[in-house]
Amino acid sequence: MEIESATPAPPQFSLPVDSEHKAKSIKIFSFGNPHMRAFHLGWMSFFTCVVSTFAAAPLIPIIRDNLNLTKADIGNAGVASVSGAIFSRLAMGAICDLLGPRYGCAFLVMLSAPAVFCMSVIDGPAGYITIRFLIGVSLATFVSCQYWVSTMFNSKIIGTVGGLTAGWGDMGGGATQLIMPLVFDAILACGATEFTAWRLAYFVPGMMLVVMGLLVLTLGQDLPDGNLGSLQKNGDMNKDKFSNVLRGAVTNYRTWIFVFIYGYCMGVELTTNNVIAEYYYDSFHLDLRAAGTIAACFGLANIFARPMGGYLSDLGARYFGMRARLWNIWILQTAGGAFCICLGRATTLPTSVTCMVLYSICVEAACGAVYGVIPFVSRRSLGLISGMSGAGGNVGGGLTQFLFFTSSQYSTGKGLQYMGIMVMVCTLPVVLVHFPQWGSMLLPPSASATEEEYYGAEWTEEEKNKGLHGGSLKFAENSTSERGRRNSILTVPATPPNTTPQHA
């Protein structure tokens, strides 16, 4: 009797996939493994970390009285909260490239929980600033979130998917403006004093972190075909050297431009999360809950604004390619800066709220638009470039908070005006981003450049001979859509005379 050797069955997915097994569509209400499960675990983990990082903002009027904080202390704590993630985001990018996003996300989330619990025992400005710095380290989950969906979804929809996950995660900055005052009031109703209630309220975000970390660790999967460690062990994936990944990231000039640009869309969003509730409380003489509710509108706009930026990026690329993605960044971020200036100049509450909403929509959409381009900068160094760009957001946030919101030299309104001017100026370098195969905002692509050449250049000839660049070639094949519909039509060779077209 002849026995045939068994061949492994091809993997089955609940969504249509491309040659890299990346999903070509998205089902929001599905939790199917691996694509949609990674989608939901990514945004929920980031959301939880944002809630924890900015949990102090709506309770500042109470905390400052309890700990005798000065304006400088509050400003320095705001700087600390967004500075904590600078190095952790850089590290997270490397961890994603080398160990996978699941481990990086799960361990960071659970390690951040003790810092959140420690907020209940601090007794002075130094402790407050230190703990806010440690909690801010958790914002590196943004990098694991963006890396995760970049490995799970096709390049044609990566702007939309990345915008959804990051936007819904950033929504935590608005949600915490509602959650913490409600928890605070509930604890007050149970008989606690104000100075005890704000401390006990911190146990809610702390427990959220513990639960979320366990869910990511037990339910998540690094890549469409399995976890990174298992694939490398079985010989299905090659283990890259960190030195090569680092070299690919730091020698690509586009990396540094996006680090800078992201510093003044995500950075100013982080700064605004820190100051907006106190601004309305002090400038318009509102109570804690009213100021928190208005401030929540800024962060909650992420539920649609950042995804909108990613969707507009994908939509423009569908017709005009990468050049449309770059124009999208400049238009949205410049408009955000203009509305930020208007917010700082507003003298009535309705005008101020209107300007704040328009500012939030534009600047948050710009964040989504930036991460609609970053996955195309490099295939080999994707995680590290995502981490560096994310860290740029924290550097920009910390620098802006330090310059305009830690000194009594400027009122908060004046600080917002200067911040808006900085946003508009710091968006201009996007003009310098040029992809040989796709062009730039102002210049067309090079005539002979191809996607294979661009992504293949990240590998040496020796590595190519060993077949290590296979993933980059598949990515190049799937990214030809960035030529845009018009350019794709122009590059299709004409049908020879007396020949029937293939599609006929």
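Colleague: Is Tyr 103 buried, partly exposed or exposed?
Modeller: Tyr 103 counts as partly exposed because its relative accessibility is 38%; buried means under 20% relative accessible area, exposed over 50%, and partly exposed in between (1.4 Å probe, protein chains only). This is a predicted model, in which local features need pLDDT of at least 70, side-chain atom pairs count only at pLDDT 80 or more, and totals for chains, interfaces and linings use all residues. Residues are numbered from 1 along each chain as its sequence is written, and side-chain values use heavy atoms, without hydrogens and water.

Colleague: Where is Tyr 103 found?
Modeller: Tyr 103 is in helix α5; helices (H or I, at least four residues) are DSSP runs, numbered from the N terminus.

Colleague: Turning to another residue, where does Ser 381 lie?
Modeller: Ser 381 is in the loop between α19 (349-370) and α20 (382-405).

Colleague: And is Ser 381 buried or exposed?
Modeller: Ser 381 counts as buried, because its relative accessibility is 1%.

Colleague: Which residues does Ser 381 touch?
Modeller: Not counting residues up to four places away in sequence, Ser 381 touches Asp 97, Asn 244, Val 245, Gly 248 and Ala 249; contact means heavy atoms within 4.5 Å.

Colleague: What about Trp 198, leaving aside its neighbours within four places in sequence?
Modeller: On that basis, Trp 198 is in contact with Leu 59, Ile 62, Ile 63, Asn 66, Leu 67, Met 119, Ile 122 and Phe 184.

Methods:
Helix = DSSP H or I, 4+ residues; strand = E, 2+ residues; numbered from the N terminus.
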